[in-house]
Amino acid sequence: MSFCRWPVHPLSPLLPIPPINKSFSPQRLFCLSHSLTMDANSKIRDDDAPKQPTSFDFLTRKAYAPPSWASHLNPIPSHVFRLGHLPTPIHKWNFPNLPNNTEVWLKRDDLSGMQLSGNKVRKLEFLMADAVAQGADCVITIGGIQSNHCRATAVAAKYLNLDCFLILRTSKVLVDQDPGLTGNLLVERLVGAHIDLISKEEYAKIGSESLTNHLKEKLLNEGRRPYVIPVGGSNSLGTWGYIEAIREIEQQLQSGTSKIKFDDIVVACGSGGTVAGLSLGSWLSTLKAKVHAFSVCDDPDYFYDFVQGLLNGLEAGVNSRDIVNIQNAKGLGYAINTSEELKFVKEVAAATGVVLDPVYSGKAAYEMMKDMADNPKKWEGRKILFIHTGGLLGLYDKVEQMASFAGNWRRMDVHEEVPRRDGIGKMF
């Protein structure tokens with residue numbers, strides 16, 4: 001049966017992305033509470049329900065106990081730092097023109113903090129605890145010039161009184177210039193991160209691991225005690241951040257008034273750790289939702305292999321291809337957007353109030369909607385949880401591209417007959 005309810009996107013006749021219907025009336029948001037009160041038939045064991053965090057838990061280091069369904073993994077972290085504002089809400093996301101009986105819900109990990117926000121926070125909770133345990137006085141990490149992970153690491157380090165050294169990848173024409181104060185760079189430089197720029201060409205020849213190890217050796221020779229965090233915080237230890245997120249989702253579903261069961265989880269994939277944690281956690285837990293990852297760089301085969309390495313590092317005993325479906329959403333390239341992708345971000349924001357970042361969740365949602373248009377039967381009747389991984393500051397790097405269709409402004413027209421009274425309403 002053909003699926004013809006979505007018109008072809010006006011900006012791209014080959015891409016069946018639906019324009020957002022402006023007459024669409026958003027439904028009431030259904031938020032799932034985080035009350036840990038379980039009914040008598042709850043499937044969540046008491047030892048899987050950690051005490052509800054309080055405001056005084058923020059920036060504290062706690063002993064970590066895994067969910068019972070993950071207790072066989074090895075190694076298990078000993079401690080965790082509370083860096084995020086958790087749990088993050090879940091609510092219904094009111095996309096119009098979805099396939100028949102399809103629902104999309106949103107996990108708001110973009111609300112896990114402000115300057116320390118997004119999915120990176122969950123990984124850093126475990127990585128920073130390990131850095132402190134090892135007696136580090138500084139941390140090193142690496143990423144793109146607008147890396148959300150690097151910004152989050154810089155903030156987390158300062159919270160814990162550690163210095164932060166960032167290696168940021170940029171173009172060869174800009175590598176010798178001041179990188180400016182746009183988006184994530186502003187926060188990184190405000191909190192005093194040390195920034196080394198590397199060209200994309202040098203990065204490709206040398207690799208992230210060699211670059212961070214080079215800086216580590218330099219700091220060791222200076223008498224420092226550096227701790228290296230990989231790209232995106234994506235190693236087996238960082239994977240625990242999203243294993244723990246699955247426990248959080250389980251608890252929210254158990255305690256919420258809407259008895260919903262998710263069939264699918266959809267998320268962007270940029271370094272692999274978030275996908276590894278979500279897919280392993282969902283597979284081991286009561287959730288059993290199929291994870292769909294949309295890769296915004298590299299290709300699906302690369303990420304299947306990388307995720308497999310993270311799973312092997314936890315002795316999970318599972319094949320990555322059995323627990324996650326990875327599709328390509330790279331488009332023109334990492335952090336490079338078409339006008340159709342950016343207009344989609346704008347239309348989603350105008351229709352639903354949810355602002356997607358252009359590098360990760362924006363591309364993932366765009367490709368998810370394309371896939372729904374191309375393969376409606378695959379998604380019909382499904383209840384989907386989309387993980388919004390944050391990255392709002394990345395939009396500031398796209399303002400010139402978005403200016404032409406942002407619109408929505410005019411000079412206020414005040415007619416002469418409107419009474420004037422000198423001295424009224426002055427702001428000085």
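Start by selecting K288, which sits in the loop between α7 and β10 (290–295). Helices here are DSSP runs of H or I with at least four residues, strands are runs of E with at least two, and both are numbered from the N terminus. K288 has a positive phi of about 55°, although it is not a glycine. Most residues other than glycine have a negative phi, and most peptide bonds are trans.

Before you go on, note that this is a predicted model, in which local features need pLDDT of at least 70, side-chain atom pairs count only at pLDDT 80 or more, and totals for chains, interfaces and linings use all residues. Residues are numbered from 1 along each chain as its sequence is written, and side-chain values use heavy atoms, with hydrogens and water left out.

Next, select E315, in the loop between α8 and α9 (320–323). E315 is not a glycine, yet its phi is positive, near 55°.

**Two cis peptide bonds**

Now show N74 and P75, which are joined by a cis peptide bond with omega of about 5°. P75 lies in the loop between β1 (61–63) and β2 (79–81). Then move to L86 and P87, where the peptide bond is cis with omega near 5°. You will find P87 in the loop between β2 and β3 (90–92).

**Helices that cross**

Colour α7 (residues 273–284) and α8 (residues 300–313): their axes come within 9 Å and cross at roughly 60°. Axes are lines fitted to C-alpha atoms, for helices over the stretch in contact, and angles run from 0 to 180 degrees between N-to-C directions. The angle makes α7 oblique to α8 (under 35 degrees counts as roughly parallel, over 145 as roughly antiparallel, 65 to 115 as roughly perpendicular and the rest as oblique). Show the side of α7 with G273, V275, A276 and L280, and the side of α8 with V307, L310 and L311, which make the contact (heavy atoms within 4.5 Å).

Now pick α1 (120–133) and α6 (residues 236–255), which pack at about 130° with their axes 7 Å apart. That makes α1 oblique to α6. From α1, the contact uses R122, K123, F126, L127 and D130, and the residues from α6 include L237, W240 and Y242. Sorted by class, this contact has six nonpolar, two polar and five charged residues. Ala, Val, Leu, Ile, Met, Phe, Trp, Tyr, Cys and Pro count as nonpolar, Asp, Glu, Lys and Arg as charged, and the others, Gly among them, as polar.

Which residues lie closest to the centre of the largest pocket? Select G143, G144, I145, R169 and Y334 to see them, out of 44 lining residues. The space in this pocket is about 1300 Å³. On a 1 Å grid over the protein atoms alone, a pocket is an open set of points with protein on both sides within 12 Å along at least five of seven lines, a cavity is a set where a 1.4 Å probe fits but cannot get out, and lining residues have an atom within 4 Å of a point. Points are joined across faces, edges and corners, and a volume is the space filled by probe spheres set on them. The pocket lining has 18 nonpolar, 18 polar and eight charged residues.

Finish at the largest cavity, with a volume of about 90 Å³. Among its 13 lining residues, N119, K120, A268, G270 and T274 lie nearest its centre. The largest share of this lining, three residues, comes from α7.
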